[in-house]
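This briefing walks through one protein model, grouping what can be read from the coordinates by topic. Please keep the sequence and the three-dimensional view at hand while reading.

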Amino acid sequence: MQNLDNIEIFITQDGSIGLYDKALDEIYHSKFGAKKESFEKFVEPCFILKKNGLDKNLKLLDICFGIGYNTKCFLENFESIDLIDCIEIDENLAKKSFEFNYSKKIDSIIEKNLKNPDLIHFYFDDARNVIKKSDKKYDVIFLDAFCPHKQSVLWSEDFIFEITKKMHQNSIFCTYNHSMPILKALLQNNLAVGHVIKENKIISTYASFNSDLIENQINQYEKDMLNTKSAITYKDKGLCHTHEEIINYRNSEVQNSSLQTLSQYKKRHLEVV
Ligand SMILES: C[S@@+](CC[C@H](N)C(=O)[O-])C[C@H]1O[C@@H](n2cnc3c(N)ncnc32)[C@H](O)[C@@H]1O
């Protein structure tokens, strides 16, 4: 494999390859297992579609394809797939994605589709541009962007709103992010929002317009928590702002907000109960 600019390769705890971006000081994959992370945080929550007989002719949108663990894991676990659209800003990285030893069968599907798209289509651009132009609906949407502190552009309420326009009643949206601004942005769009829980810990978030498809929905205490400063959402009107602009705008909103802080909310809640 050729060198990847600024990217270091490491072996994660399940033996699969993980990447680390030196310039951004950010990991692409969990050190506990890149494959495991894809399965537990993204693909397993979609098994609710199997449970409800909604797993036929699936269309997947994979935002932030990277080297494609989420798409690969989805291919491995679902049989009836009509279409996978993958968005990734780093074309060079995605074009090497079949070289990371996932499995012979899956890697060859990815390699074939990079050269000759049939089932899987790649869009090498800022996901905001791609999503603005698309009027497709998907059964499953994955969002696996770098964390908001490093790259806020794919976590704004405006981007989440665009995502919800690509969902129908039974679509499932999955992301590893379970921070308060993201939960709030999802709830603002009338989605039922649930936690994915492993070993008593929240590991990711999934959401659907159909509340019957979402277990472990966030409770009233957590919903009330979203009326605090900590849950103020990221804004990116027009989907065209830089990370710094988005962060600065949110910081000033937090500073000027008359909402209570999270710790004030928790303290008052304890006084009431
Ligand atoms: C956490 S990694 C995703 C890992 C990926 N799902 C995988 O299995 O390898 C985030 C990815 O988002 C891509 N990215 C960053 N900003 C983006 C943007 N504005 N639009 C699309 N992709 C972006 C990065 O190049 C990186 O590959």
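Which residues are buried in helix 8 (residues 180-188)? In this predicted model, they are Pro-181, Ile-182, Leu-183, Lys-184, Ala-185 and Leu-186. The points below begin with the surroundings of that helix and then move to the sheets, the ligand shell and several individual positions.

- The buried residues of helix 8 pack against helix 7, strand 8, strand 9 (192-198) and strand 10.
- Leu-186, one of the buried residues of helix 8, is in contact with Ile-160, Leu-191, Val-193 and Ala-207 once its neighbours within four places in sequence are left aside.
- The largest nonpolar core holds 63 residues, of which Ile-63, Ile-141, Leu-143, Leu-154, Ile-172, Phe-173 and Leu-186 touch the most other members; strand 7 gives the most to this core, with 5 residues.
- Helix 8 is followed by Asn-190, which is placed in the loop between helix 8 and strand 9 and has a positive phi near 65° although it is a residue other than glycine.
- Asn-190 counts as exposed because 9 other C-beta atoms lie within 10 Å, where the limit for an exposed residue is 12 or fewer.

- Together with helix 7 (residues 157-164), strand 7 and strand 8 make a right-handed β-α-β unit.
- Strand 8 is also joined to strand 10 (residues 201-208), here by 3 bridges and in the antiparallel sense, with Cys-174 standing opposite Tyr-206 of strand 10.

- Strand 4 (residues 58-63) and strand 5 (residues 81-87) are paired in the parallel sense over 6 bridges, and Leu-61 stands opposite Asp-85 in strand 5.
- Between these two strands the chain passes through helix 3 (residues 69-77), and this β-α-β crossover is right-handed.
- Strand 5 pairs in the parallel sense with strand 6 (residues 120-123) as well, over 4 bridges; in strand 6, Tyr-123 is the bridge partner of Ile-87.

- An open sheet is formed by 3 strands in the order 1-2-3, with antiparallel pairing.
- Strand 1 (7-11) and strand 3 (26-27) each have a single partner strand and stand at the edges, so one side of each is left without a neighbour in the sheet.
- Strand 1 and strand 2 (residues 17-21) run antiparallel and are joined by 5 bridges, with Phe-10 opposite Gly-18 in strand 2.
- The loop between strand 2 and strand 3 contains Asp-25, which has a positive phi of about 50° although it is not a glycine.
- Asp-25 counts as exposed because it has 8 C-beta neighbours inside 10 Å.

**The ligand shell**

- There are 21 residues around the ligand, and those that come nearest are Cys-64, Gly-66, Tyr-69, Ile-89 and Ala-127.
- By residue class, the shell around the ligand divides into 13 nonpolar, 4 polar and 4 charged residues.

**Two further positions**

- Lys-105 is placed in helix 5 (residues 104-115) and is exposed, with 10 other C-beta atoms within 10 Å.
- Lys-105 and Lys-72 are 33 residues apart along the chain, and their C-alpha atoms are separated by 9.9 Å.
- Phe-32 is found in the loop between strand 3 and helix 1 (34-43), where it is partly exposed because 13 other C-beta atoms lie within 10 Å.
- Apart from neighbours within four places in sequence, Phe-32 is in contact with Thr-12, Gln-13 and Glu-37.
- From C-alpha to C-alpha, Phe-32 and Leu-143 are 20 Å apart in space, and in sequence they are 111 residues apart; Leu-143 is among the residues that touch the most other members of the largest nonpolar core.

Note on methods: Residues numbered from 1 in each chain as written. Predicted model: local features only at pLDDT ≥ 70, side-chain atom pairs only at ≥ 80, totals over all residues. Right-handed = clockwise from strand over helix to strand, strands pointing away. Pairing = 2+ DSSP bridges. Near = placed C-beta within 6 Å. Nonpolar A, V, L, I, M, F, W, Y, C, P; charged D, E, K, R; others polar. Buried ≥ 20, exposed ≤ 12 C-beta atoms within 10 Å, placed from the backbone. Core = buried A, V, L, I, M, F, W, Y, C linked by C-beta atoms within 7 Å. Contact = placed C-beta atoms within 7 Å.
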